[in-house]
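Open the model in your viewer and have the selection tool ready. We will go stop by stop.

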Amino acid sequence: MSDVRISTHVPIILSIVAALMLSIAPMPGWADPFRPTWVVLTLIYWSLTLPNNYSVGSAWIAGLILDVAEGTLLGQHALALCLVVYVTVKFHLQLRQFPMMQLSATVFALLALYQFILFWINGVAGVNSPAVTYWGPVVTGALIWPLLNIVFVGIRQRAR
Amino acid sequence: MAAPNSNSQFGTSFSPALGFRFLLLASLSILLLIIDHRDNHLDAVRKAIGATVYPLRIVVDAPVSAWRWANETTASRNQLQLENSRLSTERLLTKARLQRYAALEAENARLREMLEATARVREQVRVAEIMSVSSDPFRHVLVIDKGTHDNVFDGQAVIDADGVVGQIIEAGVLSSQAMLISDPGHDLPVEVNRNGLRTIARGTGEFDRLDLPFLPNNADIEPGDLLVTSGRGRAFPAGYPVAIVESVTRIPQEPFAAVTATPAAALDQVREVMLIWASTPDKTEVEPAAESGDVVEEPGQAATADGEPDSSEGETHE
């Protein structure tokens, strides 16, 4: 469990906290449907790079915090994040071989899975959530992934 | 979901544990979802996690409040003078109106006493600032900077200067979440001010539109009618303006008319909101079941603790 030093974890946890902050930061109304799901992107990256340390457990905790921050049903984001990270860790060896374009496409699929779970739970629970713009974050998330990747590689090199 | 235990193609040591952990956490999430959806037994959990989110909100909100502060401090003298004079005229007008209102209220109380009806509950009001707006565009939820520490409670009415904004859905310790009346999941019992016709105003997900889905075709309602809270249903006090009827479309085949209304409060522009506490009325006898009598709270020290002069009762009804 500890192939990485403690000091490595601090920047990683900080990046997850920063992602949480970006998810609750105030944004102009028109941009809100396109806000990338920062926490998911961050956790996909870290579970891809350090699957022994960041896996379903961290995803679940981050998801619960996200549930409270966004005022959704408790467990909704937790379940969706957990599933996405599970798939990522499960196939991390293949995913690491992917070129950037293909990885972005995979991220697109993972984000779509994430939004689908949220959408589906909303539907079952009877929470109204209309409109195709629900899927805006999937597109922006996949588009921003290559940039985010550069940032994270920077964090990682700084950390070790 | 893939079969969680087919890990043989990877020689990594964590795989079987991973599938197990995932199943465990997933079922835990589903359990949480069911419990949370059924009833509110998880309030304590929510509050505990909410306490960790609070500092994040402060940090996130810092640039916005810094910008507002900078704007205020660098406002020109001229601007300030203009605003000052505008505010003092406004205050004069409001005071004049309030005088008349006080007399009316006394008269109303006297008449009600003669009729042996229950005295209307007086309300106390306190200003709260908005910390952030829900990041989910389909949930119209605000976070305000008052919590149970300031006697905020679940279901409390939230208004602004023009009308009803929403109600508290989750009172944290130092901050609370309020659902706007425009949220698709929000229903508010209202009545038409003109004739007392009671109905339900439902949020649509748009800030500038409410639906009144349960009015029959022959209902006496027309564009321009003011809708006020009826005080039925939960803790909402009666008589606050909610919306103005915008259009009434009567469709002969359908059982209900299609009625839309525009909220009186500018829901997408609110900066400060007011919280309402029903305080003990000056007349001592109050039927607890009537009006908004079920709001039991000690607002006395809440409104006066900071010496805020903004505790007033009621609103201007047109």
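## Stop 1: a helix in chain A

This is a predicted model. Select residues 76–90 of chain A, which form helix α4. The helix has 15 residues. From its first C-alpha to its last it reaches 21 Å, close to the 21 Å expected at 1.5 Å a residue. Is α4(A) mostly covered or mostly uncovered? It is mostly covered: 15 of its 15 residues are buried.

While you are on a helix, keep one rule in mind. An α-helix has 3.6 residues a turn, so residues three or four places apart point the same way.

## Stop 2

Now select chain A. How many helices and how many strands does it have? There are seven helices and zero strands. Read from the N terminus on, the elements run α-α-α-α-α-α-α. Chain A has 160 residues, and buried residues make up 42% of them. Next, turn to the contacts in chain A with a separation of 6 or more. Residues 24 or more positions apart account for 65% of these.

## Stop 3: where the chains touch

Show chain B beside chain A. Here 41 residues of chain B are in contact with 39 residues of chain A.

## Stop 4: strands in chain B

Select β11 of chain B, residues 258–263. Find L212(B): it stands opposite V259(B) in β11(B).

Look for I244(B), which stands opposite T262(B) in β11(B).

Show the side chains as you look along a strand. In a regular strand they alternate between the two faces of the sheet.

## Stop 5: one residue in a loop

Finish at N151(B). Where does N151(B) lie? Look in the loop between β2 (141–144) and β3 (157–159) of chain B. Check the backbone: phi of N151(B) is near 70°, a positive value in a residue other than glycine. Most residues other than glycine have a negative phi. Is N151(B) buried or exposed? N151(B) counts as buried because it has 20 C-beta neighbours inside 10 Å.

Conventions:
Residues are numbered from 1 along each chain as its sequence is written. Chains are lettered from A and ligands numbered from 1 in the order in which they are written. This is a predicted model: local features need pLDDT of at least 70, side-chain atom pairs count only at pLDDT 80 or more; totals for chains, interfaces and linings use all residues. Two residues are in contact if their C-beta atoms, placed from the backbone, lie within 7 Å. Helices (H or I, at least four residues) and strands (E, at least two) are DSSP runs, numbered from the N terminus. A residue is buried if 20 or more other C-beta atoms lie within 10 Å of its own, exposed if 12 or fewer, and partly exposed in between; C-beta atoms are placed from the backbone. The expected span of a helix is 1.5 Å times one less than its number of residues. Two strands pair if DSSP finds at least two bridges between them.
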